[in-house]
Amino acid sequence: MKKNIIKILSIITLSSLFATSCSDKKTENQGEQASKVQVETAVMQELDQVYDFTSTVEAKYKNYISSAGGTRIEKIYVEVGDRVTKGQTLVKMENTSVATAQTQLDNLGVELARVKALYQSGGASKQQVDQAQVQYDVAKKNIQNLKENITLTSPINGVVTLRNFDNGDVAGTSPILQVMQISPVKLKFSVNESLYSKVKLGMQVTAKVEVFGEEEFKGKISLISPTIDPDSRTFYVEAEFTNANQRLRPGMFGRAELNLGRANTIVVSDKAVIKQNGTNDKYIFIVTANNTLEYRKISVGKRLGDKYAILEGVNEGEKVVVSDHNKLKNGAKVVIVK
């Protein structure tokens, strides 16, 4: 009887251990269960290589009008917004300094003539003549500079965009006015160094500015930087726009679009692209051959309806995840479902 009880207890114990082992195994298998994901295949298509760049409209030329004499302003002839022509008088400064300098120049001229006469009669040396000549030349140059800084003219055809002083103010060396030429204008933007060999002078650039919506303006590349910025790995480009109707104004925010021709490009669904919060960086989940997730940073080109052109980071034929990104992590096992 006692042996039968011991045998029954042993069977119960073994059954409990087996049940516990099976339960632990089931729990363990559930914890390692692979996530189910939907994927699409990255394909290659021949596309226009169109790149967008943010930029701000700038004047082709910008000049500050100032006087080096540091005298009082007698009269400013223009206001902000006035159109001016090259050589037009913009400001007149007081000429009291010119009158004083002219008197000094006249006196030095008389002294120079006297020393020359003495030299001819043997009453003065060649060195004295030379010294008097230098003093006269310096004074003459000084009065020329003063006269140039009394009547200030515009060096370009343009528009007055800034006025810092009023009549009667002492300007010193600070700019009195600013004149900009806004026909043509230019857009300056930075381009990745990988495109350096493809960007050429004279290439057409299409620009859009926010205030005019989808209206397009056509220009051409007028300058390419000869160097690469070592920090950003970019080079700057300037595009010039004739702006004959002067609708583009300096300071407007816009986008420049550059078409570098057709080429084979990887294309993926927009559902596959993940934008990292707080940055402009974009990523994608790739399912590898052993059904493991790989989280990659990518370079995205132009949007094509519900797809994106991918410039870097994805190869043709790779499977990209298009579902449940927030539940996935790098290196995790997955099961592909339709």
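Is D281 buried, exposed or partly exposed? With a relative accessibility of 25%, D281 is partly exposed. Buried means under 20% relative accessible area, exposed means over 50%, and partly exposed is in between, with a 1.4 Å probe and protein chains only.

Before going on, the ground rules. This is a predicted model, where local features need pLDDT of at least 70, side-chain atom pairs count only at pLDDT 80 or more, and totals for chains, interfaces and linings use all residues. Residues are numbered from 1 along each chain as its sequence is written, and side-chain values use heavy atoms, with hydrogens and water left out.

Back to D281. Its side chain meets that of K297 in a salt bridge, at 3.5 Å from N to O. A salt bridge here is a side-chain nitrogen of Lys or Arg within 4 Å of a carboxyl oxygen of Asp or Glu. In general, side chains of opposite charge can pair when their charged atoms come close.

How many salt bridges are there by this rule? The count is 18. One of them joins K92 to E74, with the closest N and O atoms 3.8 Å apart. This pair links distant parts of the chain: K92 is in strand 6 (residues 89-93), E74 is in strand 4 (residues 73-76), and they are 18 residues apart. Strands (E, at least two residues) and helices (H or I, at least four) are DSSP runs, numbered from the N terminus. K92 is partly exposed at 31%, and E74 is partly exposed at 39%.

Another salt bridge is between E214 and K208, where the closest N and O atoms are 2.7 Å apart. E214 is exposed, at 63%, while K208 is partly exposed, at 26%.

K208 and E214 bring us to the pockets. Both are among the residues nearest the centre of the second largest pocket, along with V209, G213 and R255. A pocket is found on a 1 Å grid over the protein atoms alone: it is an open set of points where a 1.4 Å probe fits, with protein on both sides within 12 Å along at least five of seven lines, and lining residues have an atom within 4 Å of a point. The second largest pocket has a volume of about 220 Å³, volume being the space filled by probe spheres set on the points, which are joined across faces, edges and corners. Its lining divides into 3 nonpolar, 3 polar and 7 charged residues. For these classes, Ala, Val, Leu, Ile, Met, Phe, Trp, Tyr, Cys and Pro are nonpolar, Asp, Glu, Lys and Arg are charged, and the others, Gly among them, are polar. Strand 13 gives the largest share of this lining, 5 residues.

The largest pocket has a volume of about 1300 Å³. It is lined by 35 residues, with D52, S299, V300, G301 and L311 nearest its centre. By class, that lining has 15 nonpolar, 11 polar and 9 charged residues.

Last, the inside. Which residues touch the most other members of the largest nonpolar core? They are V191, V199, F241 and L258, in a core of 28 residues. Strand 9 gives the most to this core, with 6 residues. A nonpolar core is a set of buried Ala, Val, Leu, Ile, Met, Phe, Trp, Tyr and Cys residues joined through side-chain atoms within 4.5 Å.
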